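Hi,

Here is the structure I promised to pass on. Have a look at it first, and my notes follow below.

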Amino acid sequence: MATDQTPDFARGPLADLRVVEMGVLLAGPFCGQLLADFGAEVIKIEQPGSGDPMREWGREKSHGKSLWWPVVARNKKSVTLNLREAEGQELARALIARSDVLVENFRPGTLERWGLGPEALHAADPRLVVARVTGFGQTGPYASQAGYGAIGEAMGGLRYVVGDPGSPPSRMGISIGDSLAATYAALGVLMALHHRGASGRGQVVDSSIYEAVLAMMESLVPEYQVGGYVRERTGAILPNVAPSNVYPTADDAMLLIAANQDTVFRRLAQAMQRPELAEDPRYATHSARGEHQGALDQLIADWTRTQPAEPLRALLVEHGVPVGKIYRAPEMLDDPHFAARQSIVRVPHPQWGEIAMQNAAPKLSETPGRVVSAGPELGQHNEEVYGELLGLKSGQIADLAQRGII
């Protein structure tokens with residue numbers, strides 16, 4: 001809910017919403033990040049003294065601080081609250097009663113033990129939307145099991161198909177399972193809010209990691225159920241989709257070229273000064289190119305490795321062939337297209353002056369998202385939230401802090 005005089009349309013399309021975020025790490029907090037990016041007031045509840053472990057996670061640190069936390073907690077407010085104590089639970093109920101959405105990613109049954117389950121919360125406020133992000137969902141024989149993102153990626157089918165066919169299943173270089181479950185949770189929240197606008201009733205959004213991964217697995221299930229085919233790991237290619245691969249260059253760079261559509265392959269053949277390839281029965285159609293994928297990839301690689309990456313990329317762009325370098329963070333920060341679209345923004349930070357991170361996505365023409373602040377300090381907004389929102393006096397807030405309730 002907007003707390004200043006800035007018009008809602010300038011704050012973002014979700015500026016009239018208040019979200020309470022409980023839980024830790026990524027699956028729940030990324031849902032909160034997505035909502036906060038588009039203007040929702042997201043109040044993150046953290047354990048006094050320690051906070052979300054994401055404050056310490058991440059491979060690289062500066063000044064002992066996590067470089068992951070400023071991203072996943074951006075645009076949020078941090079309050080401390082001990083949810084294991086009755087007084088903390090009562091404060092949580094008061095805060096949730098003044099909010100539109102609760103996001104949590106505890107193991108099923110945890111909120112119920114604290115008297116904060118959806119049934120109890122809906123009795124007090126039937127309009128509340130509760131988003132629950134877990135490994136296996138709220139029901140079923142696995143519901144009570146611990147379920148990190150890696151397990152959901154494995155059981156949802158992703159791990160088996162990622163990597164080189166001669167090696168064990170690999171993992172993505174990011175926490176994709178957690179992020180997918182959080183993204184589906186955010187989508188579910190918006191659908192539930194839309195329904196609430198018509199019905200006046202909130203509901204529970206049950207987003208599991210394994211189902212979020214499963215939802216992205218294309219035709220993997222019917223391929224086996226109907227055709228008896230089990231997808232396997234294929235490395236850098238998709239079988240029978242050619243050419244679409246990473247190719248070497250003269251300066252040891254790598255270019256990804258995707259020319260698997262018939263008309264695009266003709267343009268690639270022109271760029272190679274080999275127009276006859278588009279008429280060759282081995283390569284003239286999508287099916288033929290798939291059947292001769294290995295030979296075609298070798299033919300293209302023999303051509304690309306004779307040229308430096310940038311002139312080759314420019315040549316392919318000129319011919320309308322989809323092509324891209326394999327980017328890392330340095331290339332992203334140096335790319336003029338990223339700069340023109342503000343794909344990466346620089347946000348003020350108390351330790352580092354500013355910190356670069358990805359911008360809000362997608363882009364909306366009238367009410368775009370934005371990154372206003374990096375992840376807050378632990379309990380940074382205690383006075384604001386407990387004082388201004390719940391009406392507690394400074395002495396009461398100090399007493400609660402001294403007794404470890406906040």
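Let me begin with Glu87, which counts as partly exposed, its relative accessibility being 36%. Please keep in mind that this is a predicted model.

Glu87 pairs with Arg403 in a salt bridge, and their closest N and O atoms are 2.6 Å apart. Glu87 belongs to helix H4 (residues 86–97) and Arg403 to the segment after helix H19 (394–402), so this pair ties together parts that are 316 residues apart in sequence. Arg403 is partly exposed too, at 42% relative accessibility.

- Glu276 and Arg274 form one, with 2.5 Å between the closest N and O atoms. Glu276 is partly exposed at 42% relative accessible area, and Arg274 is partly exposed at 32%.
- Asp280 and Arg282 form another, with the closest N and O atoms 2.8 Å apart. Here Asp280 is buried, its relative accessible area being 16%, whereas Arg282 is partly exposed at 41%.

Is Ser207 buried or exposed? With a relative accessibility of 6%, below the 20% cut-off, Ser207 counts as buried. Its side chain reaches the backbone oxygen of Ala181 at 2.7 Å. Leaving aside residues up to four places away in sequence, Ser207 touches Arg132, Val133, Thr134, Ala181, Tyr184 and Ala185.

Key. Residues are numbered from 1 along each chain as its sequence is written. This is a predicted model: local features need pLDDT of at least 70, side-chain atom pairs count only at pLDDT 80 or more; totals for chains, interfaces and linings use all residues. Side-chain values use heavy atoms; hydrogens and water are left out. Buried means under 20% relative accessible area, exposed over 50%, partly exposed in between (1.4 Å probe, protein chains only). A polar contact is a pair of N or O atoms within 3.5 Å; within protein, one must be able to donate a hydrogen and the other to accept it, and residues adjacent in sequence count only if both atoms are side-chain atoms. Contact means heavy atoms within 4.5 Å. A salt bridge is a side-chain nitrogen of Lys or Arg within 4 Å of a carboxyl oxygen of Asp or Glu. Helices (H or I, at least four residues) and strands (E, at least two) are DSSP runs, numbered from the N terminus.
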